[in-house]
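Good morning, colleagues. I would ask you to open the sequence and the structure, and to keep both in view while I speak.

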Amino acid sequence: MKGTLQKVDAAEDAQRLAPHNAEAERQLLGAILVNNETFYRVSDFLEPHHFFVPPHQDIYEKVSHLIRAGKTASPITLKTFYPADAKIADLSATQFLLRLAGDAASIINAEDYGRTIYDLAIRRNLIRIGEDMVNIAFDAPIDVPPVQQIDDAERRLFELAETGRSEGGFVAFGDALTETIEMAHAAWNREGALSGISTGLHNLDKLMGGLQHSDLIVLAGRPAMGKTSLATNIAYNVAQAYQAEEQPDGSLKTVNGGVVGFFSLEMSAEQLATRIISEQAEISSSKIRRGDISEAEFEKLAACAQTMQTVPLHVDQTGGISIASLVAKARRLKRQRGLDLLVVDYIQLLSGSAKNSGNRVQEITEITTGLKALAKELNVPIIALSQLSRQVESRDDKRPMMSDLRESGSIEQDADVIIFVYREEYYLSKTEPEVGSPEYAAWEAKHEAAKGKAEVIIAKQRHGPTGTANLQFEGQFTRFSDLAEDDHLPERYE
């Protein structure tokens, strides 16, 4: 190239036609015109825009409308939709349609022809995306920074990889009912009878039915309540339980647990790993950091680390990333390694687009809306952590309420589930009266009852009850677990 890159220009490269197969298009259209049942072999995946030759696009679209309306599509019925003097490839419309019928492929080969046409359309789209990337990079428009171009290219590639999912559209109610029955059957067969992914915490699963696909779950709490610990525990439990079955096409389908992506905007990956290995090995994280461990404890750590090597938990420790960058990275993880659960720690450390900078309420709205859209697009639950305002501290009863969420309007609206973590032990330990005082005995009884316990309060759940799951919390291991004895059902939280 004589040391100089050439800008992509389709006009200058006209001699190199985009990949296509006009013969396959003709023979498939002919087969449909001869036998309309052929249409249903390809209609699930083949759209008019997948055809390369414009007249073929037009014919397939007209054929689709006729057959779906319960009418016969043939050269005779189809010619009425063209003007009497219409020409297609130097032939009259009637002659062209009759020639198509004469070129008909066997109905046995119809689906193969359809797949060929579809695959070539995908290749043309890849070329188009590549050309756009090069041209925009050469033009360097002021309002399109390189990071935005990367995000846009990844979005378009992901949509292409998802085989038309981005096109959306209506779903027949009967199809939705079938999916519901399949979900119920899977829950019935699954250990624990859960419709979603198990958190590994029985009391929490009882209220939520597991983590539901496409749900945005906001997990909030004041500092030192353990919200990051709870999110980390759930993430590891899900990844540790991962099991998959190979499908006929070679892909893997998750049957238990899941592949987890964890955006740790506050802690490093090493800090997160220390928390998890502390929980699993039951060795205090402070002792691990100081190196204050015995030889037996070190061997226990090494054994746990060996076991944890294969757990599909992927951590991104980039701080202060934008919602657009997070979305792009999540799509890439889904495409390359699979994804069943996404955790974001935490919402307030994300940034929005430049247009909303300076207006934090609008920025949080953009972030929560983006997270909910991502949960639906990837069809995975997203656990997003959130801070609570200081007004909690000014109340006698410090159990959180939804109004305590920072910039709460959009968070309340976009979240499918809102969970608060509350540990009364933390607040009681800060109000210890003098030993021997009249108040001490009552305080000691309350402190003993609250010791090592946490309330996980479900304040909002679109598809289930609200309530409180009572859990055990071991601070030295940053671990939540089920209580040894659960004497009562969760009470409804108003």
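This is a predicted model: local features need pLDDT of at least 70, side-chain atom pairs count only at pLDDT 80 or more; totals for chains, interfaces and linings use all residues.

A residue is called buried here if its relative accessible area is under 20%, and exposed if that area is over 50%.

Which residues of α1 are buried? They are Ala22, Ala24, Glu25, Leu28, Leu29, Gly30, Ala31, Ile32 and Leu33. These buried residues pack against five helices that I shall name with their ranges: α2 (39-42), α3 (54-68), α4 (75-78), α5 (93-102) and α6 (110-139). The geometry of α1 can also be checked. The helix covers residues 22-34, and its 13 residues, at 1.5 Å a residue, should span 18 Å; the end C-alpha atoms are 18 Å apart, so expectation and model agree. At the start of α1, Asn21 places a side-chain oxygen within 3.2 Å of the backbone nitrogen of Glu23.

Let me now step back to the whole chain. It holds 18 helices and 13 strands. Of its 494 residues, 43% are buried.

Nine strands form an open sheet with mixed pairing, and their order is β7-β6-β8-β9-β3-β10-β11-β12-β13. At the edges are β7 (313-316) and β13 (479-482), each of which pairs on one side only. On average, and with direction ignored, neighbouring strands in this sheet are turned by 25 degrees against each other.

Helix α10, residues 227-240, lies across β3, β6 (260-264), β7, β8 (341-345), β9 (382-386), β10, β11 (453-461), β12 (467-474) and β13. The helix runs at about 155 degrees to β6.

Within the sheet, I would draw your attention to β10. How is β10 paired with β3, parallel or antiparallel? Strand β3, residues 216-220, and strand β10, residues 417-422, pair in the parallel sense over four bridges. Val218 stands opposite Ile418 of β10, and Ala220 has Phe420 as its bridge partner there. With β11, by contrast, β10 runs antiparallel, and six bridges join the two. Tyr422 has its bridge partner in β11, namely Glu455.

Why may β10 be described as largely enclosed by the rest of the structure? Because six of its six residues are buried. The cover extends to both faces: Val417, Ile419 and Val421 are buried on one side, and Ile418, Phe420 and Tyr422 on the other.

Beyond its neighbours up to four places away in sequence, Val456 touches Leu204, Leu230, Ile419, Phe420, Gly467, Thr468, Ala469 and Leu471. Between Val456 and Arg423 there are 33 residues of sequence separation, and their C-alpha atoms are 8.8 Å apart.

Three further residues deserve a place in this account.

The first topic is Arg222, in the loop between β3 and α10. Its relative accessibility is 12%, so Arg222 counts as buried. The side chain of Arg222 reaches the backbone oxygen of Leu388 at 2.9 Å. With residues up to four places away in sequence set aside, Arg222 touches Lys227, Leu388, Ser389, Arg390, Val392, Glu393 and Tyr427.

Next comes Glu425, which lies in helix α17, residues 424-429. A relative accessible area of 17% is under the 20% cut-off, so Glu425 is buried. A polar atom of its side chain lies 2.9 Å from the backbone nitrogen of Gly452. Apart from neighbours within four places in sequence, Glu425 is in contact with His447, Ala450, Lys451, Gly452 and Lys453.

Finally, consider Lys376, placed in helix α15, residues 360-378. Is Lys376 buried or exposed? At 58% relative accessibility, Lys376 counts as exposed. Lys376 and Ser214 are 162 residues apart in sequence, yet their C-alpha atoms are 4.5 Å apart in space.

Notes. Residues are numbered from 1 along each chain as its sequence is written. Side-chain values use heavy atoms; hydrogens and water are left out. Two strands pair if DSSP finds at least two bridges between them. Axes are lines fitted to C-alpha atoms, for helices over the stretch in contact, and angles run from 0 to 180 degrees between N-to-C directions. Contact means heavy atoms within 4.5 Å. The expected span of a helix is 1.5 Å times one less than its number of residues. Buried means under 20% relative accessible area, exposed over 50%, partly exposed in between (1.4 Å probe, protein chains only). A polar contact is a pair of N or O atoms within 3.5 Å; within protein, one must be able to donate a hydrogen and the other to accept it, and residues adjacent in sequence count only if both atoms are side-chain atoms.
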